[in-house]
Amino acid sequence: MAKVKANKTPLVRISKRTDISGWKALGIRAIAFVAALVLGGIVTAILLEGNPFKFYSYLFEGTFGTPRRIWKLLQDLAMLLLISLAVTPAFKMRFWNIGAEGQALVGVLAAGAMIFYIGDAVPNGVLILIMAVAAVAAGIIWAVIPGIFKAYFNTNETLFTLMMNYVAMCLINYFINIWVTSGSGVLGVLAGGHFPVIGGQPQILTIIIVAVVTALVAVYLSRSKHGYELSVVGESENTARYIGINVKKVVIRTMILSGALCGLVGLLLVGGIHYTVTADLVGGNGFTAILVSWLAKFNPIYMIATSFLVTFLNQGATFAADSFRLGGSFSDIIVGLFFFAIIACEFFINYKVTFNLKSKKKDEAKAAIVTEEVVEEVKEEVQG
Amino acid sequence: MKKVLAIVLCVAMLAALGVSLVACNDNADFKVGFICLHDENSTYDKNFIDAIYEAQKALGLKDEQIIIKTNVPEGNECYVAAADLVDQGCDVVFANSFGHESYMLQAAKDFPEVQFCHATGTMAHDANVANFQNAFASIYEGRYLAGIAAGHKLQELVNGGAAAKIGYVGAFPYAEVVSGYTSFYLGVKSVVANVTMEVQFTNSWYDETAEKNAANNLIQRGAVLISQHADSWGAPTACEQANVPNVSYNGSTISNCPNTYIISSRINWAPYYEYMIKCVQNGEDIAADWTGTIATNSVLLTDLNAAAYADAATATAAQNAINTAKAALQNGTLEVFDCDTFTVGGQTIATYMADVNTDSAFTPDTQVIENGAFEESSKRSAPYFDIRIDGITCLN
């Protein structure tokens with residue numbers, strides 16, 4: 001009996017596929033996006049007992065409805081993209097840096113501290129340069145510490161970088177308590193260190209900087225020796241060692257790059273956007289970046305698309321939630337649904353699912369034929 | 001045929017013009033925007049949002065005329081949200097969190113034709129920006145009254161052999177919180193003269209875990225009654241679990257704490273909203289610094305929970321004492337911060353310079369003790385009482 005069972009074809013068969021065409025993969029992703037939209041509409045219709053189309057119009061109205069909303073979308077996209085670029089080299093090296101939030105926060109703290117302590121003493125241009133150096137240096141220090149520990153003592157970088165996030169948050173609160181002697185915990189807008197406004201829109205400078213960094217990181221990863229080395233280390237440390245790559249050096253160097261980019265994030269947040277220091281300033285982007293980078297398969301150019309998707313959804317769903325007066329949990333549900341659909345669709349891109357819904361007899365017949373074929377093949381191989 | 005069509009189109013256009021002109025009348029295109037730090041899951045924001053609907057109902061505004069933006073952080077997002085509300089046609093924009101202030105002030109400068117009102121802020125009275133206003137309420141009076149209710153409960157516990165020690169979970173060591181816990185303490189002290197209080201700060205306005213832990217820590221240190229100035233349900237929930245009576249803030253917590261909840265004080269923002277909206281609709285100036293009081297119905301107490309008292313007579317006595325004190329506060333015969341009721345370093349104070357005006361160093365600049373009492377919220381709506389008085393110990 002057992003033998004007969006083993007011969008039976010299962011109802012659903014899952015097989016790995018590597019041959020999927022780019023267009024087909026894109027098609028599956030598009031279907032997932034539409035499916036998520038439909039799901040979002042259904043959830044809204046259930047919650048509000050009404051028109052699901054209103055949800056779609058709010059989604060777009062909240063993101064593209066006015067020039068100001070488009071600028072906000074572009075700025076948030078740029079900032080998410082930048083921090084996603086920051087984690088990417090480490091991820092490609094299979095170094096799970098989930099400390100981007102903290103690395104950006106110490107950048108925020110360093111830039112803010114420069115304004116607070118020497119803002120009055122030096123001209124604004126010089127101040128911005130000093131802020132830049134301080135923020136990048138702080139980001140590097142925060143990232144390279146777990147990097148060194150990983151390289152020399154093989155400590156677990158996931159836990160290490162995660163804990164460094166909380167240390168950074170507490171450091172910020174500690175300094176705010178020192179700076180704000182009234183005890184309110186609110187620093188308010190700092191007077192100095194504001195970046196110049198280009199083209200009448202404060203967002204343009206940020207967008208230009210991020211565009212340049214995106215291009216540089218893309219070239220670094222795909223065209224430079226460093227980029228090649230870190231992907232070899234990611235594939236197999238032993239192979240890397242065998243072909244003469246200094247793994248320790250690559251780990252530390254890559255974390256320096258990660259940290260520097262996170263420091264840049266902190267600098268832009270303080271000097272280009274908020275002009276203040278709070279522990280919420282990075283707003284969880286350091287964690288969202290992991291998703292953005294992963295979904296884009298660590299490709300900086302794809303990352304523009306995934307950052308856009310995340311930013312678009314957040315902004316659109318928040319607008320919809322406020323318009324429906326449903327509160328923050330509604331937008332979280334909507335964004336969650338999208339990620340659920342999009343991550344699920346990656347499964348269908350990587351695996352082929354075959355259903356066997358034909359009658360039992362046919363199945364048996366087919367199984368018999370298949371078995372014969374296999375036997376023939378084996379025979380041929382043996383003879384060959 | 002073309003002529004007929006042209007005439008029909010002309011008539012249609014005129015009709016549309018007429019309709020739109022009529023629509024412009026009687027404030028039908030009037031809009032008000034609200035910016036909230038969190039959403040209704042925070043008791044602080046829920047208190048603001050409930051008041052919005054109350055004011056909307058009282059003024060007969062339509063849903064389209066009220067735009068609420070929730071979960072707006074205390075960063076540039078606040079400026080963007082305010083500007084977006086202006087884009088949507090709001091005539092007045094209100095923000096509810098202390099850290100929103102700098103960004104609201106910037107928006108006021110950039111959009112001079114729109115009014116910007118900010119709760120809990122300190123800058124309007126000396127910022128000299130005509131369309132930027134602050135508002136607060138004399139909530140220290142409400143806390144004092146809630147303290148009287150707590151004092152009666154404490155007396156019951158002391159009669160049963162407990163120590164006269166209470167605890168307070170505070171958000172930040174900031175004047176707003178110091179003013180709040182001191183007024184609560186003085187309310188309790190008016191009933192139980194030898195009471196002492198310990199205060200633990202969470203350094204966050206909303207941190208459920210930290211508030212819970214702080215309450216538990218205070219209870220472990222011997223506090224037999226707890227109050228709070230932080231925005232989650234953390235402290236009241238911890239008290240219910242430990243069966244420790246408590247006084248909450250921002251509204252009743254009786255649903256989760258039926259046995260331990262005594263009373264709650266809260267600011268009712270509806271009177272200010274109505275005032276602010278009417279001013280803008282009538283083209284009148286809004287006060288740069290508006291302080292709501294018990295008289296304006298801005299300071300409210302929830303119903304006293306008699307179940308929290310062992311004896312029904314104590315609950316009645318507490319209610320009577322509250323009523324008496326409330327009347328005395330209103331007619332001016334009672335001052336919460338009467339300098340005869342507290343000492344600082346063993347001494348009664350006769351003068352005190354408080355930080356009222358805006359400067360980055362928080363310099364004390366204004367004499368605030370007049371006629372033997374600390375005049376809270378008279379120089380500016382946001383509280384400035386930041387004296388550490390005897391009997392209260394800050395743990396951190």
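Of the 122 residues in the largest nonpolar core, Ala82(B) and Ile226(B) touch the most other members. A nonpolar core here is a set of buried Ala, Val, Leu, Ile, Met, Phe, Trp, Tyr and Cys residues joined through C-beta atoms within 7 Å. "Buried" stands for 20 or more other C-beta atoms within 10 Å of a residue's own, "exposed" for 12 or fewer and "partly exposed" for anything in between, with C-beta atoms placed from the backbone. The model is a predicted one, so local features need pLDDT of at least 70 and side-chain atom pairs count only at pLDDT 80 or more, while totals for chains, interfaces and linings use all residues. Residues are numbered from 1 along each chain as its sequence is written, and chains are lettered from A and ligands numbered from 1 in the order in which they are written.

Back to that core: helix H6 (residues 139–159) of chain B supplies its largest share, nine residues. Helices (H or I, at least four residues) and strands (E, at least two) are DSSP runs, numbered from the N terminus. Domain 1 (28–138 + 269–292) and domain 2 (139–267 + 303–334 + 384–394) of chain B both give residues to the core, so it lies between them. Leaving aside residues up to four places away in sequence, Ile226(B) touches Ile166(B), Gly167(B), Val169(B), Ala215(B), Leu218(B), Ile219(B), Ala235(B), Cys239(B), Val244(B) and Asn246(B); contact means C-beta atoms, placed from the backbone, that lie within 7 Å. Another core, of 94 residues, lies apart from this one, and includes Ala78(A), Leu81(A), Ile140(A) and Ile334(A). As a rule, nonpolar side chains tend to be buried together in soluble globular proteins.

Chain B as a whole has eleven helices and 17 strands. Its radius of gyration is 24 Å, close to the 21 Å that the globule rule gives for 396 residues, so chain B is as compact as a globular protein of that length. That radius is taken over C-alpha atoms, and the globule rule is 2.2 Å times the number of residues to the power 0.38. Along its principal axes, the C-alpha trace of chain B spans about 100 × 45 × 40 Å. Buried residues account for 52% of the 396 residues in chain B. As for contacts in chain B with a separation of 6 or more, 66% are between residues 24 or more positions apart.

The two domains of chain B, whose bounds come from an automatic or database domain assignment, have centres 30 Å apart, taken over C-alpha atoms. Their contact takes ten residues from domain 1 of chain B and eleven residues from domain 2 of chain B. On the domain 1 side, helix H2 (residues 43–59) of chain B brings the largest share, three residues. By class, that side has three nonpolar, seven polar and no charged residues. In this scheme Ala, Val, Leu, Ile, Met, Phe, Trp, Tyr, Cys and Pro count as nonpolar, Asp, Glu, Lys and Arg as charged, and the others, Gly among them, as polar.

Within chain B, strand S1 (residues 32–35) points Val32(B) and Phe34(B) one way and Gly33(B) and Ile35(B) the other, and all are buried. S1(B) pairs with strand S2 (residues 66–69) of chain B in the parallel sense over four bridges, where pairing requires that DSSP finds at least two bridges between the strands. Ile35(B) sits opposite Lys69(B) in S2(B). Helix H4 (residues 101–110) of chain B is mostly covered, with eight of its ten residues buried. Those buried residues of H4(B) pack against helix H3 (76–87), strand S3 (92–95), strand S4 (115–119), helix H5 (124–127) and strand S5 (132–137) of chain B.

Between the chains, 24 residues of chain A are in contact with 26 residues of chain B. On the chain A side, helix H4 (67–92) and helix H11 (247–274) of chain A are the elements that give two or more residues, and H4(A) gives the largest share, three residues. By class, this side of chain A has four nonpolar, 14 polar and six charged residues.

Two loop residues other than glycine have positive phi. For Asn154(A), phi is near 55°; this residue lies in the loop between helix H6 (124–153) and helix H7 (157–179) of chain A, and is exposed, with 8 other C-beta atoms within 10 Å. For Ser377(B), phi is near 60°. Ser377(B) lies in the loop between strand S16 (373–374) and strand S17 (392–394) of chain B, yet counts as buried, with 22 C-beta neighbours inside 10 Å.

How values were computed
Contact = placed C-beta atoms within 7 Å.
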